[in-house]
Amino acid sequence: MSKQKQKQNIKEIKTVSDQLVEVKVRWFADSLKKQGLYTKKWEEAYKVYLDDRIGANDEEREKAFDNYDLHDVFLELMNFCKWWDGVYDTEDDHVLIYREE
């Protein structure tokens, strides 16, 4: 496969991944709004979570993108935020700041 073709394939995969994340974030934000729990910070944190899951193994990626149970998704996001904030606790620009929500 030529380098040009490889670059095109990577670009197409990235586009599909971005669209998948966008759809899932929209679902999450709308679900939180219906429950009266929506904040922009939660939406941003969920996008970071999904972007991270894109690079995960197949099982973890499927778990993140196939689950539409708001309770399960929110608990998974909380666990992710705890982990993420623990890793980046000295870098304020990377902390998801879930503690303030």
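Visitor: In which helix does D51 lie?

Guide: Helices are DSSP runs of H or I with at least four residues, strands are runs of E with at least two, and both are numbered from the N terminus. D51 lies in helix α2. This is a predicted model, in which local features need pLDDT of at least 70 and side-chain atom pairs count only at pLDDT 80 or more, while totals for chains, interfaces and linings use all residues. Residues are numbered from 1 along each chain as its sequence is written, and side-chain values use heavy atoms, with hydrogens and water left out.

Visitor: How many helices and strands does the protein chain contain?

Guide: The protein chain has 4 helices and 0 strands. Along the sequence, the pattern reads α-α-α-α.

Visitor: Why does D51 count as partly exposed?

Guide: The classes rest on relative accessible area: buried is under 20%, exposed is over 50%, and partly exposed lies in between (1.4 Å probe, protein chains only). D51 counts as partly exposed because its relative accessibility is 39%. Its C-alpha atom is 10.0 Å from that of L20, a residue 31 places away along the chain.

Visitor: Which class applies to E43 and which residues does E43 contact, leaving aside its neighbours within four places in sequence?

Guide: E43, also in helix α2, has a relative accessibility of 18% and therefore counts as buried. A contact means heavy atoms within 4.5 Å. With neighbours within four places in sequence set aside, E43 is in contact with V25, A29 and Y38.

Visitor: Is W42 buried or exposed?

Guide: W42 belongs to helix α2, and its relative accessible area of 6% is why W42 is classed as buried. In helix α1, S31 counts as buried because its relative accessibility is 14%. The C-alpha atoms of S31 and L70 are separated by 7.2 Å, although these residues are 39 apart along the chain.

Visitor: Which residues meet where α2 contacts α3?

Guide: The axes of α2 and α3 come within 8 Å and cross at roughly 145°. In α2, Y46, Y49, L50, R53 and I54 meet E60, R61, A64 and F65 of α3. The residues of this contact comprise 6 nonpolar, no polar and 3 charged.

Visitor: Which residues of the largest nonpolar core touch the most other members?

Guide: Nonpolar side chains in soluble globular proteins tend to be buried together. A nonpolar core is a set of buried Ala, Val, Leu, Ile, Met, Phe, Trp, Tyr and Cys residues joined through side-chain atoms within 4.5 Å. In this model the largest one has 18 residues, of which W27, F28, W42, Y46, Y49, L50 and L77 touch the most other members. At least two residues come from each of α1 (3-35), α2 (40-54), α3 (58-66) and α4 (70-87), and α4 gives the most, with 6 residues. Not counting residues up to four places away in sequence, F28 touches W42, Y46, L70, V73, F74 and L77.

Visitor: What share of the 101 residues of the protein chain counts as buried?

Guide: The share is 29%. Among contacts between residues at least 6 apart in sequence, 55% join residues at least 24 apart.

Conventions: Axes are lines fitted to C-alpha atoms, for helices over the stretch in contact, and angles run from 0 to 180 degrees between N-to-C directions. Ala, Val, Leu, Ile, Met, Phe, Trp, Tyr, Cys and Pro count as nonpolar, Asp, Glu, Lys and Arg as charged, and the others, Gly among them, as polar.
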